[in-house]
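Student: I'd like a close look at one part of this protein, the packing inside it. Could you walk me through it?

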Amino acid sequence: SSIPVLAIDGPSGSGKGTISRLVAQRVGWHFLDSGALYRGVGLAAAWGDIDLSDASALVRCTFDTQIQFLENGGGEPHIIVNGKDATDELRTETAGAAASAIAAIPEVRAALKDRQRAYRQPPGLVADGRDMGTVIFPDAPYKVFLTASAEERAERRHKQLSEKGISVTLPGLLREILARDARDATRAVAPLRPAEDAVRIDTTGLSIEAVVERVLALLPAR
Ligand code: C5P
């Protein structure tokens with residue numbers, strides 16, 4: 001396809017979501033939050049009381065679940081799952097845990113492949129996820145892999161949760177993040193790894209604006 005894609009992959013807490021959305025806004029490209037698709041299917045499975053070990057029911061659920069992103073005038077888009085506004089519920093631990101369980105099922109990943117590719121529309125797409133540059137858009141002309149130290153990711157997450165009035169300890173979060181990193185990097189299905197041709201950016205100690213500028217510098221001058 002000649003429609004350009006900027007693939008932005010990395011672990012959670014690397015700043016991916018924020019950076020991808022800002023870059024998409026700056027260049028006027030479409031935006032795909034692929035994690036929201038996994039979370040949306042996970043949530044629908046939870047709503048339907050589907051057992052997270054029942055792979056064939058989860059695959060059916062993937063095909064049956066409709067997920068729409070509604071523009072919100074520059075703010076974070078609203079995410080509609082099977083007709084219901086699930087923007088807040090998608091951020092819960094229930095949705096996150098369900099997402100990572102279903103994300104380990106190869107048929108679920110396959111079922112979401114074409115749906116993700118359909119977001120590649122003119123004038124371009126910024127795609128945020130774990131396997132955008134490796135599996136979904138291997139031919140993307142622009143690929144970034146964002147990282148940050150586990151300590152910094154734990155601090156960012158801590159700040160986010162405190163702002164929402166949720167209290168958790170920093171050492172506890174750090175342990176969870178290290179465990180999740182190990183799981184994500186070693187899982188048999190779609191382990192998290194940078195594409196060979198991805199530009200790696202370590203966001204530790206960098207401001208959001210500084211990272212946005214570095215990513216924009218990779219794209220052709222406008
Ligand atoms: O990015 P986010 O935290 O919303 O993703 C939720 C979960 O979905 C991740 O923990 C990961 O297991 C899964 N995921 C994935 N591939 C993607 C995006 C998300 O496996 N492209």
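Student: Which residues have the most contacts inside the largest nonpolar core?

Tutor: A quick note before we dig in: this is a predicted model, where local features need pLDDT of at least 70, side-chain atom pairs count only at pLDDT 80 or more, and totals for chains, interfaces and linings use all residues. Residues are numbered from 1 along each chain as its sequence is written.

Now, the core. Leu 6, Ala 7, Ile 8, Val 126 and Ala 127 have the most contacts inside the largest nonpolar core, which has 26 residues. By nonpolar core I mean a set of buried Ala, Val, Leu, Ile, Met, Phe, Trp, Tyr and Cys residues joined through C-beta atoms within 7 Å. Buried means that 20 or more other C-beta atoms lie within 10 Å of a residue's own, with C-beta atoms placed from the backbone. Two or more residues each come from β1 (5-9), α1 (16-27), β2 (30-33), β6 (125-129), α6 (132-136), β7 (142-147) and α9 (208-216). Those labels are DSSP runs numbered from the N terminus: helices (H or I, at least four residues) and strands (E, at least two).

Take Val 126. Leaving aside neighbours within four places in sequence, Val 126 is in contact with Leu 6, Ile 8, Ser 20, Val 23, Ala 24, Trp 29 and Phe 31 (contact: C-beta atoms, placed from the backbone, within 7 Å). Apart from this core lies another, of 21 residues, including Ala 36, Ala 44, Ala 45 and Ala 99.

As for domains, an automatic or database assignment gives domain 1 (1-29 + 123-222) and domain 2 (34-122). Here 13 residues of domain 1 are in contact with 12 residues of domain 2. On the domain 1 side, β6 gives the most, with 4 residues.

Notes
A residue is buried if 20 or more other C-beta atoms lie within 10 Å of its own, exposed if 12 or fewer, and partly exposed in between; C-beta atoms are placed from the backbone. Two residues are in contact if their C-beta atoms, placed from the backbone, lie within 7 Å.
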